[in-house]
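This briefing is to be read beside the sequence and the 3D structure. Please keep both in view while going through the points.

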Amino acid sequence: MKTPRRRMRLAVFKALFQHEFRRDEDLEQILEEILDETYDKKAKEDARRYIRGIKENLPMIDNLISRYLEKWSLNRLSAVDRNVLRLATYELLFEKDIPIEVTIDEAIEIAKRYGTENSGKFVNGILDRIAKEHAPKEKFEL
């Protein structure tokens, strides 16, 4: 059974992924199409906050991810890997109550489920480096 927070992350990931192919549509509207009555009020509020935060910080998030891509560019990544990294990087940097290990583990699970056989390892390596160098210090104490 998926926890409400895991379902929320999946909704955010799905909205980010779909936006790759529906660029002319509003990301927040895409999210609303995904959030049906099976999501509780808190999950919907959290998902909306994540999407707003990712949108507002996307250039910085993408720049940060790009710094850790050796011999790759963000545009060359699969849409799955790119958007899992965006979601998790946002959570690492801006969601103060989520332990680093939880963020990385959840991102790996999404990457393994929707990506290639190497996506989990790839996402883990990038996020581990981002967390060590950029996550707020207080997150290491959670």
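Thr103 is found in helix α5, which covers residues 100-114. Helices here are DSSP runs of H or I with at least four residues, strands are runs of E with at least two, and both are numbered from the N terminus. The model is predicted, so local features need pLDDT of at least 70 and side-chain atom pairs count only at pLDDT 80 or more, while totals for chains, interfaces and linings use all residues. Residues are numbered from 1 along each chain as its sequence is written, and side-chain values use heavy atoms, with hydrogens and water left out.

- Thr103 has a relative accessible area of 1% and is buried. Buried means under 20% relative accessible area, exposed means over 50%, and partly exposed is in between, with a 1.4 Å probe and protein chains only.
- Leaving aside residues up to four places away in sequence, Thr103 touches Ala88, Glu91, Leu92, Ile98 and Lys139. A contact means heavy atoms within 4.5 Å.

**Val123 in helix α6**

- Helix α6 spans residues 119-134 and includes Val123.
- Val123 counts as buried, at 0% relative accessibility.
- The residues that Val123 touches are Asp81, Val84, Leu85, Ala107, Ile108 and Ala111, again not counting residues up to four places away in sequence.
- Val123 and Leu93 are 30 residues apart in sequence, and their C-alpha atoms are 16 Å apart in space.

**Two loop residues**

- Gly115 lies in the loop between α5 and α6, and its relative accessible area of 29% makes Gly115 partly exposed.
- Gly115 and Asp81 are 34 residues apart along the chain, with their C-alpha atoms separated by 6.7 Å.
- Not counting residues up to four places away in sequence, Gly115 touches Val80 and Ile110.
- Lys71 is placed in the loop between α3 and α4, where it counts as exposed at 81% relative accessibility.
- Lys71 is not a glycine, yet Lys71 has a positive phi of about 60°.

**Salt bridges**

- Side chains of opposite charge can pair when their charged atoms come close.
- A search of the whole structure finds 19 salt bridges. Each is a side-chain nitrogen of Lys or Arg within 4 Å of a carboxyl oxygen of Asp or Glu.
- One of them joins the side chains of Glu20 and Arg86, at 3.1 Å from N to O. Glu20 lies in helix α1 (residues 4-21) and Arg86 in helix α4 (residues 79-94), so this pair ties together parts that are 66 residues apart in sequence.
- Are Glu20 and Arg86 buried or exposed? Both Glu20 and Arg86 are buried.
- Glu20 and Arg86 also belong to a network of salt bridges that links them with Arg23, Asp62 and Arg82.
- Lys55 and Glu28 form another salt bridge, and their closest N and O atoms are 2.9 Å apart. Lys55 lies in helix α3 (residues 41-67) and Glu28 in helix α2 (residues 27-34), so this pair ties together parts that are 27 residues apart in sequence.
- Lys55 is partly exposed at 34% relative accessible area, and Glu28 is partly exposed at 29%.
- Arg49 and Asp46 meet in a salt bridge with an N to O distance of 2.9 Å. These two residues are three residues apart in helix α3, so about one helical turn separates them.
- Arg49 counts as partly exposed at 30% relative accessibility, whereas Asp46 is buried with a relative accessible area of 7%.

**The protein as a whole**

- How many helices and strands does the protein have? The secondary structure comes to six helices and zero strands, in the pattern α-α-α-α-α-α along the sequence.
- The radius of gyration is 14 Å, close to the 14 Å that the globule rule gives for 142 residues, so the protein is as compact as a globular protein of that length. The radius is taken over C-alpha atoms, and the rule is 2.2 Å times the number of residues to the power 0.38.
- The C-alpha trace spans about 40 × 35 × 30 Å along its principal axes.
- Of the 142 residues, 47% are buried.
- Among contacts with a separation of 6 or more, 69% are between residues 24 or more positions apart.
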